[in-house]
Amino acid sequence: MDKMKQIIRANWQIPAITFGLTLLSFALLLPALHYYLDDWPMLYSLHIRGAEGIKQLYLYDGRPFAFWPHLLLYQVGGTDPVFWHLANYLLRWLTGIFLWGAFKHLWPNNRREVSWAAILFAIYPLFAQQSMGLTFIVIWTGYLLYSISLFLMVSALRNRKYLWLLLFLSILVSLLGLVTLEYFIGVEFLRPLIIWIILSEDGRARAGIKQALKFWSPYLLATALYLVWRFFFVESVWRDLTPSMLSNFLHDPITTALQLVNFLLRDTLEMTLGVWFPAFDAAIFDLTAPVRNLALLLSLFVTAAFVFVLLKQRPMQQVNGREDRSGFWIQSLSIGLAGVVLGCAPGWLIGRSVTDTYGLWNDRFGLAAMFGASYFIIGSLGLVSRGSRLKREIFLAILVGFAVGRNFTVTDEYRWSSTWQNQFYSQLKWRAPYIESGTSILADNEMFPKMGVYATSFALNMLYPGVEPMPGMDYWFFTL
């Protein structure tokens with residue numbers, strides 16, 4: 001009975017902790033969060049134009065099968081912003097849980113370190129757009145499908161009784177994720193390294209490589225089929241998703257190679273180190289700003305809770321806590337670095353990077369690399385602090401605590417955008433209840449943060465009944 005309780009607690013502790021951290025990071029201000037940026041054209045397409053509207057939106061975007069998560073969820077939640085934000089949080093949380101399950105089976109003797117990586121992933125302070133309820137539903141759906149596929153693959157290799165069934169299901173889920181969205185095509189190439197780690201545990205590294213390639217070959221074939229379909233049969237009307245980096249190599253290989261090295265160095269440093277600096281910015285200490293005070297208290301509370309538990313566990317660690325002296329730290333570092341590079345690579349191929357100095361919202365190009373960055377941090381800390389688990393984990397607790405505070409502060413910026421949008425739209429509808437189709441709405445500048453001219457235009461078209469057939473619009477917002 002005691003052993004069963006230990007198993008249940010071991011399997012539910014991390015899901016509960018990561019769920020709580022996700023809510024503390026993003027959901028405390030949930031009632032005040034509404035819609036932003038691409039949320040509005042997606043909501044307009046669903047609510048005003050229906051199924052054909054959202055299909056046409058993604059067809060125009062060069063992603064013909066990306067519509068299904070939105071269409072499916074819209075049947076459940078309609079236009080309720082709370083539903084969409086909760087769905088967004090749930091997808092992120094489930095992605096982390098399946099990744100935790102996959103790597104827990106990959107490294108069964110290092111579950112504590114894998115659990116810390118799952119905690120880091122849950123609050124990783126890279127992505128400042130988590131509060132866009134509809135915009136990233138498709139990306140998180142693709143991420144979840146990738147994590148499920150990875151979990152099935154590792155489970156198949158650990159439990160050979162259902163090997164081919166689980167591998168078949170894993171490949172199907174992987175293909176569904178790829179045809180939905182291309183963001184995770186890079187981390188598909190992380191699979192052979194993961195397979196090799198499992199197969200080489202008996203010490204036969206060379207034989208492990210051959211076996212790893214054998215088990216990876218169906219995934220490689222599926223990926224190749226997807227790439228052929230994507231490059232030769234899908235037309236991108238508006239968004240340019242062609243791998244311009246490859247053609248640039250043919251015309252100017254030296255300049256292109258230097259640009260690629262710049263991308264690699266800058267994005268790797270940003271993903272593993274740079275994203276943490278804003279969480280410890282001196283601006284968090286501002287006694288005149290109530291939200292910053294609340295964020296700081298939240299950071300201190302989370303940090304203190306982790307440290308309290310760690311200190312309470314210390315006597316047990318001293319008795320039972322000999323660290324695994326295997327190659328886990330090297331493997332974690334290798335998986336982490338490869339995950340960061342491969343996760344960012346799809347963006348590099350189209351000439352975009354996490355550290356772009358032009359354009360907005362570039363952090364999305366690092367989403368696929370986020371779990372790799374978590375394992376890179378775990379592996380790096382393990383190598384520099386062997387035998388000092390308590391100090392290492394207290395450091396991780398500080399990172400987690402202040403990342404939660406940072407995420408809460410960013411979420412508050414979206415709350416203000418909602419407040420200003422609601423005030424404007426309610427005043428406009430009250431003062432001008434009937435505006436004729438074909439009217440332009442003019443302002444000297446963009447009126448709301450976390451929005452844009454086209455996003456405001458779609459919001460206006462949600463506000464007044466439309467008469468224009470697809471793909472026409474009844475109203476448009478212009479800045480002077």
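**Reading a predicted helical model**

User: In which helix is Thr22 found?

Analyst: Thr22 is found in helix 1, which covers residues 2–26. Please keep in mind that the model is predicted.

User: Is Thr22 buried or exposed?

Analyst: The general idea is a cut-off: a residue is called buried when its relative accessible area is under 20%. Thr22 has a relative accessible area of 2%, and therefore it is buried.

User: Which residues does Thr22 contact, leaving aside its neighbours within four places in sequence?

Analyst: With those neighbours set aside, Thr22 is in contact with Ala27, Tyr89, Trp93 and Ala122.

User: What percentage of the residues is buried?

Analyst: Of the 480 residues in the protein, 52% are buried. Among contacts with a separation of 6 or more, 81% join residues 24 or more positions apart.

User: How are two packed helices described?

Analyst: Two numbers are given: the angle between the axes of the helices and the distance between those axes. Consider helix 2 (residues 39–47) and helix 17 (residues 453–463), which pack at an angle of about 30 degrees with their axes 8 Å apart. An angle under 35 degrees counts as roughly parallel, and helix 2 is therefore roughly parallel to helix 17. The crossing of these two helices is left-handed.

User: Which residues make the contact between helix 2 and helix 17?

Analyst: Helix 2 contributes Trp40, Pro41, Leu43, Tyr44 and His47. From helix 17 come Tyr454, Ala455, Phe458, Ala459, Asn461 and Met462. Sorted by class, this contact of helix 2 with helix 17 holds 9 nonpolar and 2 polar residues, with no charged residues.

User: At what angle do helix 6 and helix 16 cross?

Analyst: Helix 6 (residues 111–123) and helix 16 (residues 389–431) cross at roughly 15 degrees, and their axes come within 9 Å. The two helices are therefore roughly parallel to each other. Helix 6 passes helix 16 in a left-handed crossing. The residues of helix 6 in the contact are Arg112, Glu113, Trp116, Ile119, Leu120 and Ile123. On the side of helix 16, the contact includes Arg389, Arg392, Glu393 and Ala403. By class, the contact of helix 6 with helix 16 has 9 nonpolar, 1 polar and 5 charged residues.

User: Is Ala403 buried or exposed?

Analyst: Ala403, whose place is in helix 16, has a relative accessibility of 0% and therefore counts as buried. Not counting residues up to four places away in sequence, Ala403 touches Ile123, Pro125, Trp276 and Ala279. Ala403 also shows how sequence and space may be read side by side: Ala403 and Leu126 are 277 residues apart in sequence, and their C-alpha atoms are 9.4 Å apart in space.

User: How many residues apart along the chain are Leu381 and Arg392?

Analyst: They are 11 residues apart along the chain, with a C-alpha separation of 6.7 Å. Leu381 lies in helix 15 (residues 370–384) and counts as buried, at 15% relative accessibility. Beyond residues up to four places away in sequence, Leu381 touches Arg392, Phe395 and Leu396.

User: Where is Lys450 found?

Analyst: Lys450 is found in the loop between strand 1 (439–443) and helix 17. Phi of Lys450 is near 60 degrees, a positive value in a residue other than glycine. At 18% relative accessibility, Lys450 counts as buried.

Definitions and conventions: Residues are numbered from 1 along each chain as its sequence is written. This is a predicted model: local features need pLDDT of at least 70, side-chain atom pairs count only at pLDDT 80 or more; totals for chains, interfaces and linings use all residues. Side-chain values use heavy atoms; hydrogens and water are left out. Axes are lines fitted to C-alpha atoms, for helices over the stretch in contact, and angles run from 0 to 180 degrees between N-to-C directions. Helices (H or I, at least four residues) and strands (E, at least two) are DSSP runs, numbered from the N terminus. Angles under 35 degrees count as roughly parallel, over 145 as roughly antiparallel, 65 to 115 as roughly perpendicular and the rest as oblique. A crossing is left-handed if the near helix is turned anticlockwise from the far one by less than a right angle, and right-handed if clockwise. Contact means heavy atoms within 4.5 Å. Ala, Val, Leu, Ile, Met, Phe, Trp, Tyr, Cys and Pro count as nonpolar, Asp, Glu, Lys and Arg as charged, and the others, Gly among them, as polar. Buried means under 20% relative accessible area, exposed over 50%, partly exposed in between (1.4 Å probe, protein chains only).
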